[in-house]
Amino acid sequence: MTLAADYAQLFKTALQPVARALEVHLSDLMQGTPHIDRISARPKGIDSFLGKAGALTESGEPKYSDPIAQIQDQIGARIIVFYKQDVDTISATVTRYFRPIESKDRVPDSQWRFGYFGKHLILLMPEDVMDAAEDRRAVPAFFELQVKTLFQHAWSEGSHDLGYKPGEVPLEPDDERMLAYTSAQAWGADRAFDELFRRRAERKRTIDASNG
């Protein structure tokens, strides 16, 4: 079988059912946690996987000798939160339940790419969800979890669709400038919401203390 056929079979029999089970598992663990907008989990699409599997090193050699065994983000999960301060709070909660293999505060390689901020973690796949696959041995050992704010998530999804898909018509210079403008607006909105929440929380603590 080809790599495409192998991954398509894995996608159907293991990745899709395990992703659904993982989403339920994460939702149960986070039940009652404030400021969560949504929790989702999904397998890496077939085209996306094949694109990553075909990556080359700087010397022109294949980056992966065994892509199915080596690519860790075949299942990705996201927790989208209201405020910036919630990113660290939720990440700390997650690491109490899962064993982290890698944790990164993702920052963009350009000041204009706001949405690439966030916390990215590589975590061991929990035993609880593996039975959803037809063959537990086919389940990846790890999954990737991203924790982002609403603004970070919205901007990164929209900008990726507009400007960063391989094979798409490239953006004109004015389009790039407009995208940078939206980045600044989203960055400011994210900070403003976080600051407003912090101020209100401080006022509440003051009022509660004076009433106590």
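User: What makes the residues listed for Leu145 its contacts in this model?

Analyst: The model is predicted. Contact requires heavy atoms within 4.5 Å. Leaving aside neighbours within four places in sequence, Leu145 meets that cut-off with Ala77, Arg78, Ile79, Val94, Lys119, His120, Leu121 and Leu123.

User: Which residues touch the most other members of the largest nonpolar core?

Analyst: Leu145 is one of them, together with Ile79, Met125 and Phe143, in a core of 35 residues. At least two residues of this core come from each of α1, β1, α2, β2, α4 (84–97), β4 (118–124), α5 and β5. Helix α1 gives the most, with nine residues. In soluble globular proteins, nonpolar side chains tend to be buried together.

User: Which residues of α1 are buried, and what do they pack against?

Analyst: Among the buried residues of α1 are Leu10, Ala14, Val18, Leu22 and Leu26. The buried residues of this helix pack against β1 (36–43), α2 (46–53), α3 (67–70), β2 (75–81), α5 (127–130) and β5 (142–149).

User: Where is the kink in helix α1 centred?

Analyst: The kink is centred on Phe11 and is about 50°, in a helix that covers residues 3–29.

User: Why is the pair of Tyr7 and Phe11 called tilted?

Analyst: The ring centres are 6.4 Å apart, and a pair needs centres within 6.5 Å, so the two rings count as a pair. The planes stand at 55°, which is neither under 30 degrees (stacked) nor over 60 (edge-to-face), so the pair is tilted. Tyr7 and Phe11 are four residues apart in α1, which means about one helical turn separates them.

User: What makes the pair of Tyr7 and Phe49 stacked?

Analyst: Their planes are at 0°, and stacked means under 30 degrees, so the label applies. The centres are 3.8 Å apart. This pair links distant parts of the chain, with Tyr7 in helix α1 and Phe49 in helix α2, 42 residues apart. Both Tyr7 and Phe49 are buried.

User: Which residues form one aromatic cluster, and how many aromatic pairs does the structure hold?

Analyst: Tyr7, Phe11 and Phe49 form one cluster. The structure holds six aromatic pairs.

User: Why does His35 count as partly exposed?

Analyst: Its relative accessibility is 22%; buried needs under 20% and exposed over 50%, so His35 falls in between. His35 lies in the loop between α1 and β1.

User: What is the phi of His35?

Analyst: His35 has a positive phi of about 70°, although it is not a glycine. Most residues other than glycine have a negative phi.

How values were computed: Residues are numbered from 1 along each chain as its sequence is written. This is a predicted model: local features need pLDDT of at least 70, side-chain atom pairs count only at pLDDT 80 or more; totals for chains, interfaces and linings use all residues. Side-chain values use heavy atoms; hydrogens and water are left out. The bend at a residue is the angle between axes fitted to the seven residues ending there and the seven starting there. Buried means under 20% relative accessible area, exposed over 50%, partly exposed in between (1.4 Å probe, protein chains only). A nonpolar core is a set of buried Ala, Val, Leu, Ile, Met, Phe, Trp, Tyr and Cys residues joined through side-chain atoms within 4.5 Å.
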